[in-house]
Amino acid sequence: MTTTAQPSRGQILLDRGASLPLILPATLLVLVFLVGPFYYMAYTAMTDLSFANPDQNGAFIGFDNFRKLVREDTIFWGSFWRTIRFVAIAVSIEFVIGFALAWLIWRYVERQRLLTTLLLVPMMLAPVAVGLIWRLLLQGDFGMATHYLRAVGLLSQSSAVFSTPSLVMPTIIAIDVWQWTPFVTLIILAGLMSMPRSPFEAATMDGAGPWRQFFDIMLPLLRPIIALVLLLRGIDAFKEFDKVFIMTGGGPGTVSELLSIYAYRVNFKTWNLGYGAAVSFMVYLVVLILCSVFYKAVYWKSADQRAQA
Amino acid sequence: MYGNGSRLRMLIATSLLATSAALVLVGEAGAWSLEEAAAPYKGTTIRTIGEALPPLEAMKKLAPEFEKRTGITVEIEMYEASETASKVMLDLNSKRGRYDFILQQHRNVGKFVTNGHVEPIEQFMTSAELRDPEFKPEEQLYQGLWKEISWYDGKAYGFPFTALTMYEWYRADLLSDPKEQEGFKAKYGYDLGPAQDWKQYRDIAEWFTRPDQGLYGTAIQGKRHEALWYEWLNFLYSFGGDMLEVKTGSECGPVIVNSPQAIAATEYYKSLMAFSPPDTLNYFWDDVMALMQQGKVAELIMWNDATYAVAVDENVSTVVGKMGFDIVPQGEGGKVAQVEGWSYLIPTAAKNKEAAYLFIQWMMEYDQQLEQHLNGGATPRPDVYASAEVQKLPYAKASMASNEVAKPKPTIPQSSEMTDILVREISSYLADEKTAKEALDESAKEISAVLGSCAPMKYPVQ
Amino acid sequence: MSKSWKILAFGILACVLVIALTPYVWILLTSFKGRLDILSPQPTWFFTPTFANYPAVFIDKEYLPLVFNSLIIACGSTALSIMIGAPAAYVFARTDFAGKEDLFFFFLTTRMAPPISIAVPLFLFFTTLGLTDTIYAVVIAHTTFNLSLVVWMMRGFFAEIPKEIDEAAMMDGRSKLGAFVRVIVPLAAPGLAATAVLCFIMSWNEFLYAFILVAFEGRPLTVGIPGLITPHGTLWGQVAAVAVVATLPIIVFTFLVQKHLVRGLTFGAVKG
Amino acid sequence: MAVSFKQVTKRFADGTVALDHLDLDFELGEFVVLLGPSGSGKTTACRLLAGLEQPSSGRIEIDGKDVTNVPPRFRGIGMVFQNYALYSHKSVFENIAYPLRIRKVPAADIERSVRDVADLLRIGDYLKRKPAQLSGGQAQRVAVARALVWEPAICLMDEPLSNLDALLRLHMRTELNRLHRKLDKTFVFVTHDQEEAMTLATRIAVLKDGRLVQFDEPKTIYRKPANRFVAEFMGRPAMNTIDGMVEGGVFRAGAVACPVDRSDGPVTLGIRPEQIELAAASTPGAMTLTVDVKEAVEPDTLLIFQNSGGNAITLRTQANCDAIEAGQPVSLAFPKSALHYFDARTGQRVE
């Protein structure tokens, strides 16, 4: 039992290079099944390919699609800024409410298991179902929510939420908040529950009040988690499609036409794949840039701090 | 193939004659039988895809009989309308040939034909082995419907699966109420009855708009959805407007969607919002159906194939026996309804085209058509409409009359793009983002750009 | 003082709970209503229940197999994401190599492309491979987009396990791989469970890839739902029945693993 | 089972050099303590020997075989970690049995081996518990048991006692000594605590900045420190080192003046606190310094003097010092035999 066995070359390789076989499948899978199609998309964006029009058979046209998109496509830009606003507002509200709820549960609720599970219900519903459910609830004639909104005077008898252009986006944001705040709560709650006690005790001894403790200790400690939540939610909100498409189809007019709905129309309604690919590519680029900046600024910094600690 | 003789014959032949002629033929020919024709394809499975419409569900119920007779299994995939279109587009463009025949809105035919995705039906009809001598589409179908729905550029590519039109639905019980009639006449100076022109239509809508009683004059399908475009087309056509100035759907012509008639039609259309329930900008066919079933609306323009669920089915409707139906009201352009058809088509990449043809041909037979029609379909066969069972349906007459005045719409490859532009722009107008002229001018500009040189704008835009 | 704060906190939470649950409760009720009750202008909370919607959609419309399709797809892709993603996350947590942070960020970027834009290329790609209309295609697709979640969440969790545990296992006679599989994975089980739940929910609820890549007979519940929006009216009762059936398993499942869910989501980062 | 480090250098990715051309050989059965302040490379040396890290250059041999690239599991080495690294999801028994299970030892043998080692370490009563239910000392023993159960030839311990409280640490020290005597294995023990090193080691390897400074028996290290660093590191209180000049056979530094047998020039003089003698003022070579602080550490007394040269001088004695108060002048003598000399520039010992 005590002898030093002489290992084979293979065994040595297996141990030394152990990282490679562990990380390779994931990398390969992503490369083949996501990056491959992604490059196809990037190439398509520089062609005039259309599934509908036989004259557009995929000839290479350089950056014409992008030029048209950036310079002439007012619908695209409308939906672009609408999407940015949607993401910023929805994710901020989700974050604030989600954080507050997580804090309340962490602070006051001892047996949070059932409570948390029930809170998570909206998140567990398929977005397609959520769209339909809210369409039913907010229907102007037999919608339950419409009825009570009118009963308490939040909505006039002669109007309905999705038929009042000024109410459409706020409603969509509210529904997104309804669905995804639990996700924020869940992850922040997990973060709070794993926080060490000692820094708070130290701060108490140093004479810091609750507010100071919150800003000086809790927020910095939770920073990586906050960053992760904002990043994941931001990315997903940018891709928001199913709910809005089912509830309003982007209307009335273009009031709720988000980028993903615009991209859907170009790709799946008019089958103008070249141009659609250009739209998709722009969307990807914007998300990528925003996330990179955010990641470098927040997440990485906190990772560094962790490494130094 | 469709020479003058056959066209002439079609004009003179009544459906009754055609049927009896077919009966005679059976006795004489006898050589062709479905079983024999299908023998080489015994054991194959053919697959199709379509929107989850009642006639498709009826087809699903009929298919086992075909299977019993031929040994050909029929598998039917049912999706929501736009899902069906996406699935089909992906299948055709990847040329993998999953579907042996498809059921598609005729609006898409041009796209399929010009890209070489579907087979002309001619090659099967001329095959002695496949062609049932009793099946004579030149005589047995509404020619206008067939040509609008399944032809492109002078060539037949399939047969109509359903031929849907829209017409006027009204609450017969309200319109015939003596008290209402009295009050209406006092206010508007003429007798209350099913609206015959658009002015009457609006008067009636106004008269019955009583939100405090939960009753509205009409309901328009104002959601940003294709339903909006379909509904709007009825107004556009009967006001004398059109999208393109063409004779058939496969032509590309000047864009006239911003003509004065079109603007008038669109403004009239929006004016009805005042007599619609508050949530009218969120409606598509689903919601107006529900409203009608709840008896909350006096009149509206709606699909013929949806009639069954409001006029006959007591499980879902509170107004069974209270409904009346008529052709769309008169406008400057006459009484013109839009028609939307679904067509049987056979993809080029399909693997069992012959078996698929045999099934389609079988489905076009009188018995199957009758069965489908009675289950909520809309047959393209006049003889089916003529049957006693169909005539019993409360909406049979209006439906038939509507088929007569159905007007074709573009089936050119860019038609979906045109639709998409119009849905957006009209929705913008309804949402007060633009005026009617601005919205239609923008539509004309974009459609002209999409279609290219063949479609200049007849009404220039600054 | 602190007691009244507590009452206030519970009050707020109760309100939130009501807001969060009412739509689902309403759907639950709707699934037992006939069309006339559903369309009634006055919200009906009390009514004569009908059980017709469930058999109508699951038996007559043959939606029952869709539940199993959903299960196969969600379980398959969850298992695959974890099996492929967790080892990668472990490497990110333990090993230093040039460009590590870039590769790590790259995994997140896979989440950024809107599915709408990847769907068509992916369909054509899978068609070339002959994988479309098979369950594999959608399992792979779901795995690719869940991978970023697994890698990102599990990295934090693995980082929380002291490095000495791996080393002890290696000193005890495990290979590096063996140490990971036999020692670290069991220790990370709560984290893995939490991640798996999120992956499962994402895959179970995903619509577009499933719709495009899977054959009719293999389609999951989500893809079946729009089929209930017919031109003759949305079949609200049946939509509700499907929504209830589609959600109940995850609620039960989540409740069962909830302890691990919250514990499992505790990231090493917070502990500093 | 001889172990040797041959010119081993370890450079980390961030550029820090943890070990710098280390040469170190020791024999089977030794209790080698790697001693040094933090950052000296002692833990790195231990991990290199374990196989958890690879040297940047140089070789490590066990029994004459090059094991530089051999994975840990083939080296036949057990290890105890500073934080014990117990598997929290396994019972104590399973923790200890784990290396045997990996080696596919028959169940009956496992049972016996685990019992034996558990008895040896006096944790036989806790085998069913989970690590979370153990006290620090118990967890420590489990970790040791796990490292020894499969009878590896070499057992590494990386600061195993640093997480224990003082009393327990003393106790475990004795246990380890007993264990070493009994098992006759090679123990390699990493610590920064010179007292631990002194009591446990057969030989101590003192490291500083990744280099081996001295490798010898504890008493030699104590008595003949190789340089000023070792001299100051070993012994509590530390050796007094005084920088000064020799002029005419007398070492002078501030108030310190004592006769030495050295030629003129700068030198650092070293003397252990316990070897400074309290003397009468008349004693030849005696000097008078003022007491700065007096600390009674019974039975010893520490007298700390502030020398005008800057160095404090500490004296330790068991003599009765009740009469001496802070601020009071006291006469001292540095016996010649107790003096160490270090090169003023390099700090190396000069005889």
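This is a predicted model: local features need pLDDT of at least 70, side-chain atom pairs count only at pLDDT 80 or more; totals for chains, interfaces and linings use all residues.
A disulfide joins B:C252 to B:C454, with the two sulfurs 1.7 Å apart.

**The disulfide and other cysteines**

- Searching the whole structure turns up one disulfide over all chains.
- B:C252 sits in the loop between α13 (226-238) and α14 (260-271) of chain B, while B:C454 sits in the segment after α23 (436-451) of chain B, so the pair ties together parts that are 202 residues apart in sequence.
- The link of B:C252 and B:C454 is right-handed, with 60° about the S-S bond.
- B:C252 is partly exposed at 29% relative accessibility, and B:C454 is partly exposed too, with a relative accessible area of 32%.
- Over in chain D, the cysteine sulfur closest to that of D:C46 belongs to D:C155, and at 9.3 Å it is too far for a bond.
- D:C46 is buried, at 0% relative accessible area, and D:C258 also counts as buried, at 1% relative accessibility.

**The second largest pocket**

- This pocket holds about 1500 Å³ of space.
- The second largest pocket is lined by 49 residues, and those closest to its centre are B:E57, C:A56, C:K61, C:L235 and C:Q238.
- Sorted by class, the lining has 21 nonpolar, twelve polar and 16 charged residues.
- Within chain B, domain 1 (36-165 + 340-393) and domain 2 (166-338 + 411-454) each give at least three residues to the lining.

**Paired strands in chain D**

- Strand β17 (residues 300-306) of chain D has six of its seven residues buried, so it is largely enclosed by the rest of the structure.
- On one pairing, β17(D) runs antiparallel to strand β16 (residues 287-297) of chain D, and six bridges join them.
- A hairpin of two residues connects β16(D) to β17(D), and D:V293 has D:I304 in β17(D) as its bridge partner.
- β17(D) also pairs with strand β18 (residues 312-317) of chain D, in the antiparallel sense and over six bridges.
- In this second pairing, D:F305 has D:I313 of β18(D) as its bridge partner.

Methods:
Residues are numbered from 1 along each chain as its sequence is written. Chains are lettered from A and ligands numbered from 1 in the order in which they are written. Side-chain values use heavy atoms; hydrogens and water are left out. On a 1 Å grid over the protein atoms alone, a cavity is a set of points where a 1.4 Å probe fits but cannot get out, and a pocket is an open set with protein on both sides within 12 Å along at least five of seven lines; lining residues have an atom within 4 Å of a point. Grid points are joined across faces, edges and corners, and a volume is the space filled by probe spheres set on the points. Ala, Val, Leu, Ile, Met, Phe, Trp, Tyr, Cys and Pro count as nonpolar, Asp, Glu, Lys and Arg as charged, and the others, Gly among them, as polar. Domain bounds come from an automatic or database domain assignment. Buried means under 20% relative accessible area, exposed over 50%, partly exposed in between (1.4 Å probe, protein chains only). Helices (H or I, at least four residues) and strands (E, at least two) are DSSP runs, numbered from the N terminus. Two strands pair if DSSP finds at least two bridges between them. A disulfide is a pair of cysteine sulfur atoms within 2.5 Å.
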